[in-house]
Amino acid sequence: MVQKYQSPVRVYKYPFELVMAAYEKRFPTCPEIPVFLGSEILHESRSEDGAIHIIERSCKLNVDAPRLLKKIAGVEYVFFIQKNTVNWKERTLRIEAHNETFANRVVVHETCSYSVHPENEEWTCFEQSASLDIKSFFGFESTVEKIAMKQYTSNIKRGKEVIEHYLKELISQGITFIPRWTPPAACGPKDEQTPAMGCDADAVQLETGAPGTTKEQTGSSCPPAEAGSPDADKLDADYIERYLGQLTPMQESCLIRLRQWLQETHKGKIPKDEHILRFLRARDFNIDKAREMLCQSLSWRKQYQVDYILQSWRPPALLDEYYTGGWHYQDKDGRPLYILRLGQMDTKGLVKALGEESLLRHVLSINEEGQKRCEENTNIFGRPITSWTCLVDLEGLNMRHLWRPGVKALLRIIEVVEDNYPETLGRLLIVRAPRVFPVLWTLVSPFINENTRQKFLIYSGNNYQGPGGLVDYVDRDVIPDFLGGDCMCTVPEGGLVPKSLYQTEEEPENSDHIRLWTETIYHSANVLKGAPHEIVVEILEGESVITWDFDILKGDVVFSLFHSKRAPETSHKEATLPSTSAAGDNVQLIDKSWVLGVDYSRLESPLVCREGESIQGSHVTRWPGFYILQWKMHGPLPCAGTTLPRVDDVLASLQVSSHKCKLIYYYEVLASKDFRGSMSSLESCNSGFSQLSGATTSSSQSQSSSHLSR
């Protein structure tokens, strides 16, 4: 398996030329990096005007590996080839490195770049990426991979410290400014005026800044910039530390790579960085697992329009009176504090009076509000706050709370929250737990993620009072009065819901699934092997616009658009696999006897849509008739000129876990004159992720009269 690393953008608040002078002090040897034993120049060249300078070096490294492994490998040191290309005119340095030792067994590639900060030309940006592919290593492939990744990540941040060390050394010598490159025709001989990189670069560069130079360093000639990304599509290391917290180099890499994947597949609808990070943490920074979980959640949010819940959901008066929960200041770590007096809540009465749907909506609105409060507290306290604390008072909990339908509703709500709001609970404080609590805990705990369970602190009786109790996590002046504190708490006291308010049971809710927003505009569908899903749009007059928006939840599909003058007949595919029709429909319209080009024609080139992708597009109709949107399962195409399948096709077929793909879709027909001004027009790429998305730029790909974007 190939291991990859991608760094965030690291910013040096010094001019490019000064950073280059510090960088060159690392050669030929660097005591600050013990693993780097030395280097030798293999080749060096300059352009005629001196703007381009290329140096190729052989670098000797002492890898910290077990003595036995070195003996088996038969080497004591490892050699790398490093090629540096500096462009003084563009003020960039590109570093490319690969291993020379064991090149036929281990493939290591590293690329680094220094460039001018796009918003401050007196600052310098640094980026780094690398890949490691161990093909074979005497049966020690796994061991070598762990050693290599451990050493590489441990030296990543060390590299920045070394540059800063040499920058301080230059400044201590009074060298704070090095002039920029200018063309030789304007300034004389290039040997005297052009900054150079090589074994004698220090002497050339340091002479250009005489001791006592008064121009200050650290970008002090301009106001400090706010923590933020130097590029809209990239993450700055300072921004990560300020708004997301301390991450290891590999955790930073996972965040950046997953973010890049989302930018490529979900144009115009990228979740905020803290939201992506929560899913990575929930899956222990396994990118594939986090990506799958996040894509399912984004599709769920989109299908049920969860992003608009804070604007659209208004709790019934019954909830305001009998739901015993509410926000109450924050804990000692700055996390928003939510108080839930579960023991005083009539869960049975609320379920019977409101139903599971209303309770779930209310819980989701609480989670959405919690994320909003975390962002606000991050700005207020000046440090990353990505989760909240929940204080649960169980005083009054009894067997009434173990009513089976109520417990089932609670478990389903927990499941929805766990799937879509991972790592949002920072700490759960349970106080005054009665004897019946172990019974409830036994029922509920298996449905709670292990990482979440580790955040639970449970106190029975009055153990929450005094040292080791609430005062360790909540300031005394915000402890609620009903728990012995001095702070008045506005959380409702609850009580029994009058039976006169119970709903009738004429239309009982589905006992196996909580239905959200039955008025959702999205439809779900299954695409079976050999049975595509098709929908028909009848156009009575030309110059209309058909728009579509769909997400691929499972498998890969091919999307096509056809036109026919004949009205197709609907045919439903019978389920051939267990639970085939449980989560979506499958409709076939194009009769098998129809001939392409005779009975119907293709209007769009087939578009392959991969699992997890989100597709938006539109088509301007030219003729009346029936327009058919088709999704069919993507399979390997036969290779021309041979009966043997390609390796890629075989691998793709092995990755298909079943003979069924899943998708959700929405389509709309607009008058051509209304298309550009329509709020639902897909040209705007309005995805409904308003609460999760940062400011992103949608991109699109036009094909003839159509508009398609991923």
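1. Helices here are DSSP runs of H or I with at least four residues, strands are E runs of at least two, and both are numbered from the N terminus.

2. A word on the model before going further. This is a predicted model, in which local features need pLDDT of at least 70 and side-chain atom pairs count only at pLDDT 80 or more, while totals for chains, interfaces and linings use all residues. Residues are numbered from 1 along each chain as its sequence is written, and side-chain values use heavy atoms, with hydrogens and water left out.

3. Now the overall picture. The protein chain has 17 helices and 26 strands. Of its 710 residues, 50% are buried, where buried means under 20% relative accessible area, exposed means over 50%, and partly exposed lies in between (1.4 Å probe, protein chains only). Among contacts between residues at least 6 apart in sequence, 77% join residues at least 24 apart; a contact means heavy atoms within 4.5 Å. The chain exposes about 35,300 Å², and carbon and sulfur atoms supply 51% of that area, computed by the Shrake-Rupley method with a 1.4 Å probe.

4. Back to α9, which is largely enclosed by the rest of the structure because 9 of its 10 residues are buried. Among the buried residues are Asp273, Glu274 and Arg278, as well as Ile276 and Phe279. The cover over the buried residues of α9 includes α7 (237–244), α8 (249–265), α10, α13 (347–381), α14 (404–420) and α16 (450–453).

5. How do α9 and α10 cross? The axes of α9 (residues 273–282) and α10 (residues 287–303) come within 8 Å and cross at roughly 125°. That makes α9 oblique to α10. The axes are lines fitted to C-alpha atoms, for helices over the stretch in contact, with angles from 0 to 180 degrees between N-to-C directions; under 35 degrees counts as roughly parallel, over 145 as roughly antiparallel, 65 to 115 as roughly perpendicular and the rest as oblique.

6. By class, the residues of the α9 and α10 contact are 8 nonpolar, 2 polar and no charged. Ala, Val, Leu, Ile, Met, Phe, Trp, Tyr, Cys and Pro count as nonpolar, Asp, Glu, Lys and Arg as charged, and the others, Gly among them, as polar.

7. Helix α8 packs against α9 at about 115°, with the axes 10 Å apart, and the crossing is right-handed. Cys254, Leu255, Leu258, Arg259 and Leu262 of α8 meet Asp273, Ile276, Leu277 and Leu280 of α9. That contact holds 7 nonpolar, no polar and 2 charged residues.

8. Helix α10 also meets α14: their axes come within 9 Å and cross at roughly 115°. Met293, Ser297 and Trp300 of α10 touch Val416, Glu418, Asp419 and Asn420 of α14, giving 3 nonpolar, 2 polar and 2 charged residues.

9. Finally, valine 116 in strand β7 (residues 106–117). Valine 116 is partly exposed, at 22% relative accessible area. Leaving aside neighbours within four places in sequence, valine 116 contacts Phe16, Arg91, Glu121 and Trp123.

Terms used
Left-handed = near helix turned anticlockwise from the far one by under 90°.
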